[in-house]
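Welcome! Take a moment to look over the sequence and the model, and then we can walk through some of its features together.

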Amino acid sequence: CMKKIILILILIFTTLAFSQDYTKQNRIDDMQIMASAMANIEAGFLYNNNDLVKAGVIKLSDAIRRVEPPLEEKEEKDPMTRYMNQKVQFTDKITKKIDKKARLILERFNDNDISQAVQAYTKIIKACVNCHTQVRHW
């Protein structure tokens with residue numbers, strides 16, 4: 001019953017998020033949510049608390065599914081700039097990877113395979129850094 005409620009809430013929020021243009025401010029807000037979610041997951045690991053891990057994974061998955069290049073990047077007029085940046089394709093690839101690894105964290109943590117859960121967490125951090133390097137030019 002609780003899983004259904006959570007899934008319904010995620011679908012509602014996702015639907016609402018996609019009904020408007022995605023802006024740079026939306027992306028900043030989602031990045032802050034993802035940072036908070038990763039902190040929840042990490043705290044869950046340290047305290048061996050499944051509820052914290054689960055809450056973090058749900059929050060991370062919800063936020064990552066909303067992330068996309070802002071409208072101004074998707075509608076870039078210059079074809080060479082679009083080709084060189086490839087932010088749309090890059091964002092799609094990285095968000096799918098992070099969402100998959102987030103679900104893997106929960107699965108492994110539930111199976112009491114903490115080392116594999118932490119490894120999936122580390123891969124998410126690497127994906128975040130990779131994205132920030134490519135998109136934000138760190």
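Predicted model: local features only at pLDDT ≥ 70, side-chain atom pairs only at ≥ 80, totals over all residues.

## Helix α2

Let's start with α2, which covers residues 24-47. With 24 residues at 1.5 Å each, this helix should span 34 Å, and its end C-alpha atoms lie 35 Å apart, so the two values agree.

Which residues of α2 are buried? They are R27, D30, M34, A37, M38, I41, G44 and F45. Just after the helix comes N48, with a positive phi of about 50°.

## A buried network

There are five salt bridges in the model. One of them joins the side chains of R66 and D62, with 2.9 Å from N to O. Both residues belong to helix α3 (residues 50-66), where they sit four residues apart, about one turn of the helix.

Are these two partners buried or exposed? R66 has a relative accessible area of 12% and D62 has 13%; buried means under 20%, so both count as buried. D30 joins in too: D30, D62 and R66 form a network of salt bridges.

Now have a look at helix α6 (residues 87-110), where D99 and R103 are four residues apart, or about one helical turn. Their salt bridge has its closest N and O atoms 3.6 Å apart. D99 is buried at 10% relative accessibility, whereas R103 is partly exposed at 45%.

Another salt bridge links the side chains of R108 and E107, at 3.2 Å from N to O. Here R108 is partly exposed at 25% relative accessibility, and E107 is partly exposed at 42%.

Key:
Residues numbered from 1 in each chain as written. Heavy atoms only, no water. Helix = DSSP H or I, 4+ residues; strand = E, 2+ residues; numbered from the N terminus. Expected span 1.5 Å × (residues − 1). Buried < 20%, exposed > 50% of the residue type's maximum accessible area, 1.4 Å probe, protein only. Salt bridge = Lys/Arg side-chain N within 4 Å of Asp/Glu carboxyl O.
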